[in-house]
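The following report goes through selected local features of one structure, with the cut-offs behind each term given where the term is first used. Please keep the coordinates at hand while reading.

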Amino acid sequence: MLPYPKKVTYLEGIASPACPVEETMNASLETEEYHIHISPEKILLEGGSKTGLSYGKTTLEQLKLLYSQGLPCMEIQDKPFYPYRSFHIDCARHFFPAEQIKKMIRMCAEFKLNHFHWHISDDQGWRVESLRFPRLHEIGSVREGDHFDKCSSEELQGGYYTRREVKEIVALCEELGIEVVPEVDMPGHVMAILAAYPQYGCENREVKVGTRSGIFQEILCAGKEETFTFIEELLDDLMELFPGRYFHIGGDEAPKSHWKACPHCRKRMEEEHLESFQQLQGYVENRISSYLISRGKIPVVWNEAVYGGNLDPAVVVQLWIDDRDGMMKAHLDKGGKAVVSNVMNSYCDYPYGSVSLRNMYELNTRPAELGERGEDSVIGTECLMWTEHVRDGARMEELCWPRFAASAQVGWCGPDRPPYEEFEQCLMKLLPLFERHGIHIMEPEGWNPDPETAAAQIAAFNASMFPEDVEASGKAAEDI
Ligand SMILES: [Zn+2]
């Protein structure tokens, strides 16, 4: 079974797979906890909530798949180690139809992943219909070409999810015990937003929706008061669609060159007694966060947002790159919380030669930058699908699966998970589960490429990028 249950006790006897199942709520169990008792007469399923019960059913389905001739009698007591077990899909770099997203969600639910981090805005596209700011989907969802991955197309590209489609996806997630965590990346990665509403940049100049990959200079103005009014109204609009507790506000890769040249931003720094542009970013994140917190939400940011040292400890930080100057550690020592998703153990847009299935499984959820409180600071893990290099559903699926399943097991079992070999053996037996969902999984021989194959894959991946974009991004990164 995957993820492997916390405690399994085998008993005497065999039960028919057609054996009656009795479901019951047990208030003494935790929300995500469930018990299964299989005897020859019946299968008893107990859950601490609707979610716990549905996890029990998922496990039972896997058992039926593994033991189609007869279920061994057993008792399972199970609950997750981490409460936040997330999967991420970037729908900004390339747009994917709602049906593809639903397919991925259903597959993730089979492995008890419980948060869907939905990247709906970036330089290259805004992806949700907005009632209050319609230019976002009218202008911000369409770009004049596609220059990723050595592809050079000048054709119009784009798409957005209607509010009805978003509601359907949120409802499907709710049914499966998954919370949708939308992400509007701010203050950087905002070319699509500024293409629609340039007045919220520092210079009010024309911006086009991005057609290339990388890190760009465009940024929301941190000095103009109207920027914050816009953000708050935009968040109100989105909170109508996304009822979950967590809300991701980005904060990664935000070069400060426009802020440095902007009188509004400099005035803001003076008034707020901010000593650096990183602190100005901290101010922006804190202002947006306090608005979300006042609406009952828990904000999440990427780890660059802690660089100023002034981020509110109530904001959850998603660790994806190494800490800088102990800032992440300092944030967590103040009581902050973290989601662990280091690139080399979590990013599934990279080839298996870079991030193998074993690498995914060996994610260290206790890295040094977590500080004195160690794992008490960690609420969970995330596996990610960025889509600069991914244009179709089949490619998305083979990059994500089975790597997402490894991440699911890490999040469920925590640091004391079974050895990798056991995970892989179990995965082999569960391959029909992917077939059932029509998921195009990577072939087993591709899961952990040998060094030569890995080197070739990495070289091909690097060669697929335009050198001028890599250079420009490297330059921009110096100013983050
Ligand atoms: Zn400005």
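## Surroundings of Asp123

Leaving aside residues up to four places away in sequence, Asp123 touches His189, Val190, Met191, Ala192, Val209, Gly210, Gly214 and Phe216, where contact means heavy atoms within 4.5 Å. Asp123 sits in the loop between strand S7 (115-122) and strand S8 (125-126); helices (H or I, at least four residues) and strands (E, at least two) are DSSP runs, numbered from the N terminus. Asp123 counts as buried because its relative accessibility is 1%, the classes being buried under 20% relative accessible area, exposed over 50% and partly exposed in between, with a 1.4 Å probe and protein chains only. From C-alpha to C-alpha, Asp123 and Arg93 are 8.0 Å apart in space, while 30 residues separate them in sequence.

## Basis of the model

This is a predicted model, in which local features need pLDDT of at least 70 and side-chain atom pairs count only at pLDDT 80 or more, whereas totals for chains, interfaces and linings use all residues. Residues are numbered from 1 along each chain as its sequence is written, and side-chain values use heavy atoms, with hydrogens and water left out.

## The zinc site

The zinc ion has as its protein donors the SG atoms of Cys202, Cys221, Cys262 and Cys265, which lie 2.3 to 2.4 Å from it. Donors are N, O and S atoms within 2.8 Å of the metal (3.2 Å for Na, K and Ca), and sites may look incomplete because water is not among the atoms. The arrangement is tetrahedral because the four donor atoms subtend angles of 106 to 114° around the zinc ion. Four donors count as tetrahedral if all angles lie between 85 and 135 degrees. For comparison, the ideal angle for four tetrahedral donors at a metal is 109.5 degrees.

Along the chain, the donors of the zinc ion follow the spacing C-x18-C-x40-C-x2-C. Cys202 and Cys262 are both buried.

How many cavities of 30 Å³ or more does a search of the whole structure find? The search finds two, a cavity being a set of points, on a 1 Å grid over the protein atoms alone, where a 1.4 Å probe fits but cannot get out, and lining residues having an atom within 4 Å of a point. Grid points are joined across faces, edges and corners, and a volume is the space filled by probe spheres set on the points.

The largest cavity has a volume of about 50 Å³, and its lining includes the zinc donor Cys202, together with residues such as Leu194, Arg205 and His258. Sorted by class, this lining has five nonpolar, three polar and three charged residues, where Ala, Val, Leu, Ile, Met, Phe, Trp, Tyr, Cys and Pro count as nonpolar, Asp, Glu, Lys and Arg as charged, and the others, Gly among them, as polar. The second largest cavity holds about 40 Å³ of space and is lined by Asn345, Ser346, Met360, Leu363, Thr381, Glu382, Ser407 and Val410. Helix H11 (343-346), strand S16 (378-385) and helix H14 (403-413) each supply at least two residues of that lining, whose classes are three nonpolar, four polar and one charged.

## Backbone geometry

Cis peptide bonds join Leu2 to Pro3, with omega about -10°, and Trp401 to Pro402, with omega near 15°. Pro3 belongs to the segment before strand S1 (7-15), whereas Pro402 lies in the loop between helix H13 (393-400) and H14.

Although not a glycine, Asp149 has a positive phi of about 60°; Asp149 is placed in the loop between strand S9 (142-146) and strand S10 (153-158), and counts as partly exposed because its relative accessibility is 25%. His273, likewise not a glycine, has a positive phi of about 55° and lies in the loop between H8 and helix H9 (277-294), where a relative accessibility of 66% makes His273 count as exposed.

How values were computed
Tetrahedral: all angles 85-135°; square planar, octahedral: opposite > 155°, others 65-115°. 1 Å grid on protein atoms, 1.4 Å probe; cavity = no way out; pocket = protein on both sides within 12 Å on 5 of 7 lines; lining within 4 Å.
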